[in-house]
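Thank you all for coming. I would like to take a few minutes to walk through one structure, and I will ask you to keep it in view while I talk.

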Amino acid sequence: MSSERVRWGILATGGIAAAFAADLVDLPDAEVVAVASRSEESAKTFAERFGIPRAYGEWGALAEDEDVDVVYVATPHSAHRAAAGLCLEAGRGVLCEKAFTLNAREAEELVALARRHGGFLMEAMWMYCNPLVRRLKALVDDGAIGEVRTVQADFGLAGPFPPSHRLRDPARGGGALLDLGVYPVSFAQLLLGEPSDVVARAVLSEEGVDLQTGALLSWESGALASVHCSISGGTPVSASVTGSEGRIDIPHGFFFPDRFVLHRDGRDPEEFTADPAAGPRNSLKHEAAEVMRALRAGETESPLVPLDGTLAVMRTLDAIRERIGVRYPGEGR
């Protein structure tokens, strides 16, 4: 696969699936050829909306479609293991939404399955593919702020969400952590890797999911990260990285920023802004483009979103959940 169009299948028909399908339009070498849902009616409606030629009322039919090169899995994360596994078993490449799975065990199973079959697998951590986030990471890696000492990041939504909402449903992996907290945790680990220790506290709902969670991550280097997520209060969705020789601030929308400010000791602040030519700041096309680049290069995973990094994030999320007492159905106590 060197120059031809990449043929996509989309598994699920919710809001994020619609956003992804719409953003693929900006990639002329991408083609959505099939969509699947557990509801045939939902699949057909989605297909008509986006001009997709085939609609399936079951996941297996999409997985077995030989015309599909890669499947974007956009189900709730409680179904990621089953949906992505089905596609990998059938020989399809997979881009799987985050949180990657419910827990690290399921993530390890998917990664092992992909590696056993030699198939492509990537977490849809679009933040890692964002051009401005990549610029920030390059600056940090090049020592622009010296040795990283602290990372702070938050993501909270005001709500309120009723008990019937998926964010309150344990059976669908509800709570703030897996849906929103995955971003602050992934941001910290993008810069520092897997932490050596985790401390966490949370406020839980009557259903047993976290309404808000705060965690302190620490590394043997002495670095610390303070991360917070909430479905009961809106937060700035900001981030800051402090080093021994300076600081980088992202004032809003840290996982899809329009700008960040570099403060270096003894220098005027430097502002870095998103390139308007790269498209809307909330575009998912960058992760799709990275998938297609990797497929054409014959790679089974992306260096921007490596599977070992995804596994490390899932281990941290597991550690946080263990400390706050959140367990999902079937996981045990």
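This is a predicted model: local features need pLDDT of at least 70, side-chain atom pairs count only at pLDDT 80 or more; totals for chains, interfaces and linings use all residues.

Residues are numbered from 1 along each chain as its sequence is written, and side-chain values use heavy atoms, with hydrogens and water left out.

Let me begin with the open spaces. On a 1 Å grid over the protein atoms alone, a pocket is an open set of points with protein on both sides within 12 Å along at least five of seven lines, a cavity is a set where a 1.4 Å probe fits but cannot get out, and lining residues have an atom within 4 Å of a point. Points are joined across faces, edges and corners, and a volume is the space filled by probe spheres set on them.

The largest pocket holds about 480 Å³ of space. Its lining consists of 22 residues, and those nearest the centre are Ile16, Glu97, Lys98, Arg166 and Asp179. Helices and strands here are DSSP runs, numbered from the N terminus, with helices being H or I of at least four residues and strands E of at least two. On that basis, α1 (15-24) and α8 (176-192) each give at least two residues to this lining, and α8 provides the largest share, with 4 residues. By class, the lining has 13 nonpolar, 5 polar and 4 charged residues, where Ala, Val, Leu, Ile, Met, Phe, Trp, Tyr, Cys and Pro count as nonpolar, Asp, Glu, Lys and Arg as charged, and the others, Gly among them, as polar.

The second largest pocket has about 220 Å³ of space. It is lined by 15 residues, with Tyr128, Lys137, Leu190, Leu304 and Pro306 closest to its centre. Two or more residues each come from α7 (131-141), α8 and α10 (307-324), and the largest share, 5 residues, belongs to α7. This lining divides into 8 nonpolar, 3 polar and 4 charged residues.

Among the residues lining the largest cavity are Asn130, Leu132, Pro257, Arg281 and His286, and its lining comprises 6 nonpolar, 3 polar and 2 charged residues.

Which loop holds Asn130? Asn130 sits in the loop between α6 (126-129) and α7, and at 6% relative accessibility it counts as buried, the cut-offs being under 20% relative accessible area for buried, over 50% for exposed and partly exposed in between, with a 1.4 Å probe and protein chains only. The side chain of Asn130 reaches the backbone nitrogen of Leu132 at 2.9 Å, and a polar atom of that side chain lies 3.1 Å from the backbone nitrogen of Val133.

His286 brings us to helix α9, where His286 is one of the buried residues. Helix α9 (residues 285-296) reaches 16 Å from its first C-alpha to its last, close to the 16 Å expected, the expected span being 1.5 Å times one less than the number of residues. Because 10 of its 12 residues are buried, α9 is largely enclosed by the rest of the structure. Just after α9, Gly298 takes a positive phi of about 75 degrees.

For α10, the 18 residues should span 26 Å at 1.5 Å a residue, and the end C-alpha atoms are 26 Å apart, which agrees. The buried residues of α10 include Leu307, Thr310, Arg321 and Ile324. Gly325 follows α10 and also has a positive phi, near 80 degrees.

I will close with two residues. Arg168 lies in the loop between β7 (148-156) and α8, and is buried, with a relative accessible area of 14%. Its side chain makes a polar contact with the side chain of Glu207 at 2.9 Å, a polar contact being a pair of N or O atoms within 3.5 Å, where within protein one must be able to donate a hydrogen and the other to accept it, and residues adjacent in sequence count only if both atoms are side-chain atoms.

Leu191, in helix α8, is buried at 11% relative accessible area.
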